[in-house]
Amino acid sequence: MPEGDLLAEDQSDFAPSDGFERQLSENCVEYFLFLLDGETDARKSLLRLEALRRAAVQLAQTLTKDYIWQRDDFQLELETEQGLRYLHGIADYGDAVEDEWLIVYMLRELTKSYPTLWARVVDTDGEFLLVEAASMLPKWLSPEMDQNRVWVHHGKLFIIPSKDGDAQSTRTRSISLPQAVDFLAYKSDALVHSSFIEAEAFYRLDKYPAQIANSAHYSIITMPRKLAFLLHSLPKSVSPAVEAFYLRDPVVLKRIMATTGPLAFPPEDLVTTSVRFSRVLFAQLKSQRFDSPPRWQKALQASSSNDKAMARLETGMKLTCGFEMLAVSADKSKSRVVREVAIMLEDLVEDGAAALPTNEEMELWEGCHRDDDETWMDINYQDFGRELDGRGRGTSKANLGFGDAQTQAGLRKIVSRFEAFLNDETAGLDGAELDDMDMDDDGDDGDDGEEQTGGTDEEGSDFEDTEVSFDEAAFSRMMREMMGLPATDPQPSAYPKGKSKVGGCEPAASALDEEQTRIQELSSQMEAELRQHGALKLDAPADKQPALNRKAKAADTEGRQTRQAADEDGDDEVDIDYNLARNLLESFKSQAGMAGPTGNLLGMMGFQLPRDEDDGHDDDDEHKETGARNE
């Protein structure tokens, strides 16, 4: 696209993208790599892209030599679409979100090595880098128009600006991929770069490349010798095998549960050695409840006296069953690793037991005795609660708090953001609007890129020194008042009395008390007026009430007697409280013992109602009484 055509778009901003972009499958990440070096010769451009692809694959192989991907690894292919030539890849990361961030890390490292490289990465949430930095984004940048605007270059994050910088303007819209590439090629000096946005977006990358090694987990397990040899030869085959066990096709499972029939890995000639997993894979395997197949019962009974040996055998049994399920259709799989498993099984059938390693040979395998600690899977909820409060477990080196330093920082960040959201009185239907973090308050209708960059870097945060807290006692008191219950504080606040979200100033607290007093007076006046007009008489006239059964009539008579006695004492609100309590009990009963709004509200105020075991059919009273007499 000529530069003149791009500049002509200044009259009308970017045109809307034509059609709809291809939708990604769930748990997939998609990435685009462009070399914008001004090369017009098609042959030279293709050669440079191919060289870039080889360099990217080499980087991935170097960094992830021993890394176990959950599903797909990092791959790139040459694409020619919409008049553009670029490298493109899609990876399914399954339940392992770390796979996605590892790809982001590798893309950022590539952009540092190639000055003309621009990379874009998205997933099913769209521009997920902006999701990470949501608290730092300007108002004009919304999910409805951020498509194709986020790029990584020289290891930094850049955003293609909006023309008018107004989120409410009809001219603020999504741009197509060709339009974005043209902007990068001809107007890169107008891009938005904010160190605040970049720090939030790349926050998870701080732990790389060390995280690549830290994500592995070694565990000593007991399994057939045949499987131990296969895992030693193809260590990355553990991923599809664990997934096959985790999903468990019922049809294939019948074959494993049968007492007869051939098995690829029969439970015989068992050996004990270490296997390398990713932490996600090991947690998936370890956490599954699985009834042992009949042919494994003998081996399990032999190890039942030793808890440690039993645990290793159970883990090995689950992994072996996963490989059994994988082997059923391994030769037809699209995965290269799974097809290699099928080829190796065929070779073992031809070579027989002679091809399997001896115990002495297995002792020489690297890491055959490594057994990592599994306590990272254990959650102590008391420590977790203290960590959320920012207190940790202590100050000594032995008590470093819940999880590692990265986990502690992440937890505190989540809690601080949640508390800021709860205490944001300006939040509307679209969520919290953090004006102190808005980057376009002082911007004019000039050069968007320069304005956005300057405004973001220089603006401070008005709330940096403001302590934000969630007062549980105040919340409980408000809920009691709304429901007509006595507004007593069940427990004192866990936070210091001298601190509040406005700094603990006494005039502010007095103003809040006065406002609550005015609200209560207004509520009393409204209640008196409604009572005068009969709006609060919730009991229908006798001629309009349907015939009640014996239990309902008795309860109603008892309730009226209670209200009359209370009225004689001068309490005008008992009638309302009775009906409120009756409605609450009916609502709680309708939950049938499950979670619901009434149970949650009463639980927060310290009330625990017993589960109603009655079936709720009052018309069956006679049958119940007859049954009781018969018993």
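1. The face of helix α10 (residues 250-257) turned away from its buried side carries the exposed residues Pro 250, Val 251 and Lys 254, where exposed stands for over 50% relative accessible area, buried for under 20% and partly exposed for what lies in between (1.4 Å probe, protein chains only). Its buried residues are Val 252, Leu 253 and Ile 256, and they cover an arc of only 105 degrees around the axis, which puts them on the same side of α10. Among the elements that cover these buried residues is α13 (307-328).

2. This is a predicted model, in which local features need pLDDT of at least 70, side-chain atom pairs count only at pLDDT 80 or more, and totals for chains, interfaces and linings use all residues. Residues are numbered from 1 along each chain as its sequence is written, and side-chain values use heavy atoms, with hydrogens and water left out.

3. The structure holds 14 salt bridges, each being a side-chain nitrogen of Lys or Arg within 4 Å of a carboxyl oxygen of Asp or Glu. One of them joins Arg 120 to Glu 127, with the closest N and O atoms 3.1 Å apart; Arg 120 is buried at 3% relative accessibility, and Glu 127 is buried at 4%.

4. Lys 286 forms a salt bridge with Glu 374, the closest N and O atoms being 4.0 Å apart. Lys 286 belongs to helix α11 (residues 279-287) and Glu 374 to the loop between α15 (359-363) and α16 (381-388), so the pair ties together parts that are 88 residues apart in sequence.

Terms used
Helices (H or I, at least four residues) and strands (E, at least two) are DSSP runs, numbered from the N terminus. The arc is that of the directions from the helix axis to the C-beta atoms. Contact means heavy atoms within 4.5 Å.
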